[in-house]
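Please look over the sequence and the model below before reading on. The report that follows takes up a few parts of the structure in turn.

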Amino acid sequence: MKKTQQKKVAPAKSLPKFLVDAKWLKKHRADKNLVLVDTRAAANYHTGHLRGARHFDPFPFHYYDSSARGIAEFRAQLEWIFSALGISGRETVVFYEDDSGMRAARAAWALESMGHPRAWILDGGPKAVSMTEKLTDKAPAFAPTNFRGKPRDDTLAPVAYLVDQVGRPEVQIFDVRSDAEFYGERVRARHGGAIPGAYHQDWVAAVSPEGRFKSAEELRAQYAALGLDPGCEVIPYCQGGYRAAHAYYALRLAGFPRVRNYFGSWAEWGNRDDLPIDHPMRSSEQRQNKGPGPE
């Protein structure tokens, strides 16, 4: 029997391939191969979600061992998760949360890293479609699959790879944690500090007041002011690879073609005694402008 060919869905023309907006969603809402995934906490999902959305909160699935063995285990875990979500690799998957945040970015990055060709983010979350859609508390029925990924090594930076890149002018390391974490005022590992030579800007600087990704022009200007170069490979990191996943997409939106997420991030680097660590200090102006207490 001849198999029915599923129609591929194209992203919105005015947005990069990994972002879709309310107009796009309205146009493609009835497409049979569209899968929505709500990445918020379970309580938020059950209070109300977009019709037909499946649920996956990536926060409980912290994994920061980026050794060869760790990556193999991480990928096996992802195959199990995406199989449970009923994802086969032939559909278009759109992740969302309350705004364009780290949860949706982490889930999209994870699926993209497993070779799925259409892992996208709803820019702005449900708020972006609130005028055309009402939320529901009914969870959809769907069948699990046997998802088998085709992992893309170019989407991630293992710790061994990152060690080799430290100090190389053609590679820039980008710390997207809070100021307090970067300056060692809030320590969330055995050691405080930063990866040597890292550029720094809190990941939230890439989000607009409306909860969407900032425009490509705004992001390019921000990153240029930091000294980030689109001609270099850029490796963002944070504490556990979630905020770094958001930066992975923000950088690509800004026109950086070579970006890798160091998903091990500070949870891995900062808990090891054999890796180099810088201890950045705030300038006198930053100390004066710093509010009371750690962030």
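## The second largest cavity

What volume does the second largest cavity have? In this predicted model, the second largest cavity has a volume of about 50 Å³. Its lining is made up of Phe-174, Val-176, Gln-201, Asp-202, Trp-203, Ala-205, Ala-206, Gln-222, Tyr-223, His-246, Ala-247 and Ala-250. Sorted by class, these lining residues are eight nonpolar, three polar and one charged. Helices H7 and H8 each supply at least two residues of this lining, and the largest share, three residues, comes from H8.

Gln-201 lies in the loop that runs between strand E7 (199–200) and helix H7 (216–226), and it counts as buried because its relative accessibility is 18%, where the cut-off for buried is under 20%. Leaving aside neighbours within four places in sequence, Gln-201 is in contact with Phe-174, Asp-175, Val-176, Arg-177, Gln-222, Tyr-223 and Leu-226. Tyr-223, with residues up to four places away in sequence not counted, touches Gln-201 in turn, and also Phe-174, Ala-206, Leu-228, Ala-250, Leu-251, Ala-254 and Phe-256.

## Helix H3

Helix H3 covers residues 68–84, and its 17 residues reach 25 Å from the first C-alpha to the last, which is close to the 24 Å expected at 1.5 Å a residue. Buried residues in H3 are Gly-70, Ile-71, Phe-74, Arg-75, Leu-78, Glu-79, Ile-81, Phe-82 and Ser-83. An α-helix has 3.6 residues a turn, so residues three or four places apart point the same way. With that in mind, one can look along the helix at Ile-71, Phe-74, Leu-78 and Ile-81, which are among its buried residues. What covers the buried residues of H3 includes helix H4 (102–113). After H3 comes Gly-86, which has a positive phi, near 80°.

## The largest cavity

How much space lies in the largest cavity? The largest cavity holds about 60 Å³, and it is one of two cavities of 30 Å³ or more in the model. The residues that line the largest cavity are Phe-56, Pro-58, Phe-61, Phe-74, Gln-77, Leu-78, Ile-81, Arg-106, Ala-110 and Tyr-242, and by class they divide into eight nonpolar, one polar and one charged. H3 and H4 each supply at least two residues of this lining, while H3 gives the most, with four residues.

Most residues other than glycine have a negative phi. Ser-265, although it is not a glycine, has a positive phi of about 50°. Its place is in helix H9, which covers residues 265–269. Is Ser-265 buried or exposed? Ser-265 is buried, because its relative accessible area is 0%, and the cut-off for buried is under 20%.

Notes: Residues numbered from 1 in each chain as written. Predicted model: local features only at pLDDT ≥ 70, side-chain atom pairs only at ≥ 80, totals over all residues. Heavy atoms only, no water. Buried < 20%, exposed > 50% of the residue type's maximum accessible area, 1.4 Å probe, protein only. Contact = heavy atoms within 4.5 Å. Expected span 1.5 Å × (residues − 1). 1 Å grid on protein atoms, 1.4 Å probe; cavity = no way out; pocket = protein on both sides within 12 Å on 5 of 7 lines; lining within 4 Å. Points joined across faces, edges and corners; volume = space filled by probe spheres on them. Nonpolar A, V, L, I, M, F, W, Y, C, P; charged D, E, K, R; others polar.
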